Amino acid sequence: MNERIKGLYQEHILKKSKDETFKGVLQNETHRLEAYNPMCGDKYTISMSIENDVIQDARFDGFGCAISKASTALLTEIVIGKSVEEIKPIVENFLELVDEHGKREPEEIFEDDQLLAFAAAREFPERKTCASLSWDELKLLVDTH
Amino acid sequence: MNIASIKSQFPIFKQQTPLGKELVYLDTASSAQKPQSVIDAISGFYSGYYANTGRGSYWPAHKATTTFESVREKVARYINVQSKDQVVFTSGTTDSINKLVNAHVIHSLESGDQVLVSEMEHHANLVPWQEACKLKEANIKAIPINEEGEIDFEALELLLKAKTAFVSITAISNVLGTVNDVSRITALAHKAGAKVFVDAAQAIAHKTVDVKTWKADFLAFSAHKLYGPTGVGILYMADDLVNQIKPLSFGGGMITEVGIEESGYRKGPQRHEAGTQNIAGVIGLGAAIDFVDTLPEFELHNHLNELTSLAYELLSEIQGVNILGPEERAGVISFTVEGIHPHDLSTFFNEQGVCIRAGHHCAQPLMNKYKVPATARVSFGIYNSKEDVMTFIKVLKETKAFFE
């Protein structure tokens, strides 16, 4: 793992995996994502309220490794206040970021360090599903909304 | 026993990992590495005398058939059964259980019968029985285990008061390393009129499988956990069950006479082996048994026990580490580290060339019992050394420091 990405991993992923700011379930939930990896047992639900194609609020709950927890927490934080149309390219970019076969360099995809940290997943292809677990579910939602 | 010389027989250890580290393989409970002799036996068959078995009357076919059949004898001797004709080749433990359930269990189970498994079973020795019970409206129940991860025999005796058709139990737990008292279980089960299936997947590499003493009715193992190839294993059946139960599969090679509406089936293990067999796999299994035969039983046990005890002791000294299961165990240690998910652990171990396993180890009911979603697991093979244990402990301490 390149030193910079390793640094980002330590700084952002570990920190984010302990960040419970958006943990919970919404009372006025309209949509719910269920992200589950039967191979390892990681399991999250993301509770969202979507009105007029805008995600008004979101919360996540569940358990898993540091990478999946951090990526789910970050996803929740990012979608709040954005429209489904705005989220689409972010999801595509994130899935490219964590893909070892991604065409662009990580730095060409995102500038934000919190997101860039997940490029570490390119170094561990077997951990890609940890990073993308919740994002794959989000992609299904925005593609079919 | 000279571990360095044994390890040198395993070609995988001659190279470094892509990150330039020595390979420390601590996942033998999942699958064992292969010695050169096994690899050579397989390629020797393909390049030297390849042909289908039991069919042709030309020389490679003859040699292939004799070599293939000689492995049946080796297996019979290795697991101590009466006759080689009680050994049926399958594609592995999982396949053996599924075939047994489909060919025999679902035909002999009656509505309301009970099937007992234990709380420590691998999914392979649980899900097929579950399906059979659903189909026949039978009841599947779990024999509880105590805090130390050992079978609760009082509970077993109570459970056996209900009409029980089958008891299915692992000889060694793939998560806890618990060594079950199989003879005691079969004695109780037989007294209650139940047949016993023994999952010997983990036990097979420990040279402790002894069907005659255990009095198992059925037993299965896979070659790949015995330093042999993947995709091959066996199902043992006691007495004359090989000829009594329905064939495990149907097709070429298992028939006597075939008509459009009726067919007759052979006697012996060939009755269950339809179609072209995994010949190379079986020959590889024979070479694996030959390899294990070169290891003195006492020293093999001592070596694996020493590594397990050392790892157990050093792990117990690390703050925040919680070990699942009993102190007395066979070659497997599952543990959790406070604040670090097992998958994060295994990624950091991988960076240092150390292969450990993370996950539910195909034993979700057991994970639920211990209230953990997953654990990390190390397990030892004949090629592991004390240095491997020390490397493992060193990397664990470094990883803990990284996460703190």
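1. Two residues are taken to be in contact if their C-beta atoms, placed from the backbone, lie within 7 Å. On this basis, the contact between the chains takes 12 residues from chain A and 10 residues from chain B. The elements giving two or more residues to the chain B side are α12 (342-351) and α14 (386-403); α12(B) supplies the largest share, 3 residues. By class, that side has 4 nonpolar, 5 polar and 1 charged residues (Ala, Val, Leu, Ile, Met, Phe, Trp, Tyr, Cys and Pro count as nonpolar, Asp, Glu, Lys and Arg as charged, and the others, Gly among them, as polar).

2. The model is predicted: local features need pLDDT of at least 70, side-chain atom pairs count only at pLDDT 80 or more, and totals for chains, interfaces and linings use all residues. Residues are numbered from 1 along each chain as its sequence is written, while chains are lettered from A and ligands numbered from 1 in the order in which they are written. Helices (H or I, at least four residues) and strands (E, at least two) are DSSP runs, numbered from the N terminus.

3. The axes of α12(B) and α14(B) come within 10 Å and cross at roughly 120° (axes are lines fitted to C-alpha atoms, for helices over the stretch in contact, and angles run from 0 to 180 degrees between N-to-C directions). The two helices are therefore oblique to each other. From α12(B), B:Leu345, B:Phe348 and B:Phe349 meet B:Val395, B:Thr399 and B:Phe402 of α14(B). This helix contact has 5 nonpolar, 1 polar and no charged residues.

4. In chain B, an open antiparallel sheet is formed by 4 strands in the order β11-β12-β15-β14 (two strands pair if DSSP finds at least two bridges between them). Since β11 (321-324) and β14 (357-359) of chain B stand at the edges with a single partner strand each, one side of each is left without a neighbour in the sheet. The twist averages 30° from one strand to the next. Helix α11 (residues 297-316) of chain B packs on the sheet, where it touches β11, β12 and β15 of chain B.

5. Strand β7 (residues 218-222) of chain B is mostly covered, with 5 of its 5 residues buried (20 or more other C-beta atoms within 10 Å of the residue's own, C-beta atoms being placed from the backbone). One side carries B:Phe218, B:Ala220 and B:Ser222, and the other B:Leu219 and B:Phe221. Strand β6 (residues 195-199) of chain B pairs with β7(B) in the parallel sense over 3 bridges, whereas β7(B) and β8 (residues 233-237) of chain B pair in the antiparallel sense over 5 bridges.

Notes:
Angles under 35 degrees count as roughly parallel, over 145 as roughly antiparallel, 65 to 115 as roughly perpendicular and the rest as oblique. A residue is buried if 20 or more other C-beta atoms lie within 10 Å of its own, exposed if 12 or fewer, and partly exposed in between; C-beta atoms are placed from the backbone.
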